[in-house]
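Here is a short note for your first look at this model. Keep the 3D view open and follow the points in order.

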Amino acid sequence: MTDGAHLVVDALRLNGVSAIYGVVGIPITDVARLAQASGIRFLGFRHESAAGHAAAAAGFLTGRPGVCMTVSGPGFLNGLVALANATTNCFPMIQIAGSGDRAVVDLGRGDYEELDQYAVARSLAKAAYRVDRPADIGLAVARAIRTATSGRPGGVYLDIPAAVLAEVVDDEIGAASLRCVVDPAPRQLPAPDAVERAVTLLAGARRPLIVLGKGAAYARADDAIRRFVETTGIPYLPMSMAKGLLPDDHPQSVAAARSLAMRQADVVMLVGARLNWLLGHGEAPQWNPDAQFIQVEIDPSELDSNQPIAAPLLGDVGSVMDALNRHPATPGIAAPPPWRGLLHAKVVENKVKMAARLVADTGTGPMGFYPALRAVRDVLSHHRLSHHREVYLVNEGANTLDLTRNVVDMYVPRHRLDSGTWGVMGVGLGYAIAAAVETGAPVVAIEGDSAFGFSGMEMETICRYRLPVTVVVFNNGGIYRGDDANPVTDDPAPTRLLQSTRYHRLAESFGADGYFVTTPNELEAALQTAITSGRPALLDCLIDPADGTESGHLTNLNPTVVKEPA
Ligand code: ADP
Ligand code: MG
């Protein structure tokens with residue numbers, strides 16, 4: 001005889017799931033124990049949303065759905081933030097939650113943690129499934145994996161009522177229900193005439209531009225993308241999680257001339273990138289109003305969602321890039337030298353400006369963001385050169401996010417995890433834990449002090465599993481900045497946080513190595529030591545409270561900025 005809980009674990013194991021991220025409680029505690037006994041790693045968190053974010057990051061990093069397991073009701077809801085975020089970011093993820101007795105829940109009779117979880121999850125996930133019989137568990141897990149991974153990846157909710165977990169069934173019935181998903185994300189080849197149309201458009205462009213998004217990074221088509229970019233000589237812009245797909249110091253990267261490239265490009269090829277708010281919806285004046293768009297995309301309904309797409313290339317990035325590389329006209333595409341020259345000059349000019357900011361000294365006070373990031377950048381590149389391995393970089397915050405993205409270059413694909421499509425806070429420590437668990441490599445999380453607060457207790461999780469994660473808190477004492485006054489009452493301004501908080505002591509109490517640093521040189525030395533130690537560590541970096549812009553680079557999205565009482 002077997003039961004629902006055993007079948008869940010058997011089904012996950014059969015499909016190669018190697019880790020589950022979650023928080024135990026009624027009714028899933030035994031599922032976690034059984035998972036451990038079966039050889040699946042269970043990573044217990046302090047909050048379900050961090051566990052969910054870890055599962056989502058595992059999905060992005062491995063291309064297989066990360067699995068998060070939560071209890072019913074509030075635990076389920078806590079995890080749902082991550083499931084929705086994973087769906088928005090197109091990361092494959094499965095949230096499994098135990099649930100209550102439907103006979104009680106559906107009549108609103110007041111069950112323990114009563115909630116119609118299935119109905120709630122449906123509107124926030126790519127799909128939701130509920131298992132009503134233990135003999136369907138194999139089917140349900142297979143369906144969740146297929147849905148999470150195929151086409152545009154996303155989050156899938158799998159609801160398993162407590163009674164189904166406990167129900168005993170015959171071994172043979174249980175075994176018969178198990179199935180291993182074959183080729184979870186089948187290749188999707190583009191139509192030849194679509195390829196023809198795109199190549200013709202690119203060949204006639206005077207100012208072509210390629211935009212690489214995190215869908216391109218996720219696709220693991222690194223060689224094909226690089227070949228196309230280098231054969232055609234077309235300048236490219238990496239979106240933030242596509243940094244490193246080609247090394248950031250690649251001569252064709254125009255990241256440092258982003259505005260100019262967007263304003264002037266006449267043919268823009270989007271590769272696994274959406275024309276959403278992060279790209280100003282493709283609109284003027286950020287973009288050339290006459291630009292024509294080519295879009296390499298796996299989800300047909302994404303096309304034309306903002307600008308008309310002159311040449312849709314529907315398919316997976318790998319298959320599309322292969323088809324483009326094989327097209328006889330591709331070797332003849334050559335980005336015109338005047339365009340390349342124009343962008344190159346701007347890149348050089350902006351890099352000089354950036355270099356000046358990085359060495360700027362704030363004088364006697366605490367360091368500014370730029371000099372701090374110069375130290376981070378130097379340590380990371382030193383580590384890469386001496387260990388031939390890049391660390392994973394996790395990054396969230398406002399100014400901390402914007403500035404780190406611009407200062408810290410990436411050299412290998414899928415090593416940067418950040419706030420993503422929603423610009424969400426709270427992903428930091430969950431993402432860092434997943435990166436360490438899934439890859440075994442050192443991880444550095446660059447966190448704003450506010451951003452850190454959302455998942456800071458997971459420092460204990462990092463210590464409990466002894467993960468090689470270094471958390472760097474840029475402590476400027478607030479959201480955006482730390483010196484706002486409240487002109488009306490004695491309460492602190494809404495943006496204020498206590499800069500006197502010693503985050504490194506919090507981490508030390510869990511057993512991590514703590515460092516308190518106030519200068520770029522101290523930061524450099526501490527970060528170097530922390531990464532090489534392979535131990536959990538936290539650096540509390542005192543940053544000038546006056547350094548920081550409200551809303552970071554998104555000032556334009558703030559509806560009103562009230563500085564004085566009326
Ligand atoms: P960014 O924020 O970096 O611009 P987005 O997440 O907005 O990237 O866009 C990623 C796009 O990539 C989504 O529209 C998604 O459907 C698409 N995508 C994801 N995986 C693949 C794939 N394997 N092949 C093609 N497109 C993909
Ligand atoms: Mg701050």
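Is the crossing of helix 16 and helix 22 left-handed or right-handed?

1. The crossing of helix 16 and helix 22 is right-handed. A crossing is right-handed if the near helix is turned clockwise from the far one, and left-handed if turned anticlockwise by less than a right angle. Helices are DSSP runs (H or I, at least four residues), numbered from the N terminus.

2. This is a predicted model, where local features need pLDDT of at least 70, side-chain atom pairs count only at pLDDT 80 or more, and totals for chains, interfaces and linings use all residues. Residues are numbered from 1 along each chain as its sequence is written, chains are lettered from A and ligands numbered from 1 in the order in which they are written, and side-chain values use heavy atoms, with hydrogens and water left out.

3. Stay with helix 16 (residues 369-387) and helix 22 (residues 520-533). Their axes lie 9 Å apart, at an angle of about 35°. Axes are lines fitted to C-alpha atoms, for helices over the stretch in contact; angles run from 0 to 180 degrees between N-to-C directions. Contact (heavy atoms within 4.5 Å) involves, among others, V376 and L380 of helix 16 and L523 and L527 of helix 22.

4. Next, helix 3 (residues 48-62) packs on helix 18 (residues 428-439) at about 45°, with the axes 7 Å apart. In helix 3, the residues include A54 and L61; in helix 18, they include Y431 and A434. The contact of helix 3 with helix 18 has eight nonpolar residues, three polar and one charged. Ala, Val, Leu, Ile, Met, Phe, Trp, Tyr, Cys and Pro count as nonpolar, Asp, Glu, Lys and Arg as charged, and the others, Gly among them, as polar.

5. Helix 1 (residues 4-14) and helix 2 (residues 29-38) come within 9 Å and cross at roughly 45°. Helix 1 passes helix 2 in a right-handed crossing. V8 and V9 of helix 1 and L34 of helix 2 are among the residues in contact.

6. Finally, look at the metal. The magnesium ion (ligand 2) is coordinated by D449 (OD), N476 (OD1) and G478 (O), at 2.0 to 2.1 Å. Donors are N, O and S atoms within 2.8 Å of the metal (3.2 Å for Na, K and Ca); water is not among the atoms, so sites may look incomplete. Along the chain, the donors of the magnesium ion (ligand 2) follow the spacing D-x26-N-x1-G.

Technical notes. Helices (H or I, at least four residues) and strands (E, at least two) are DSSP runs, numbered from the N terminus.
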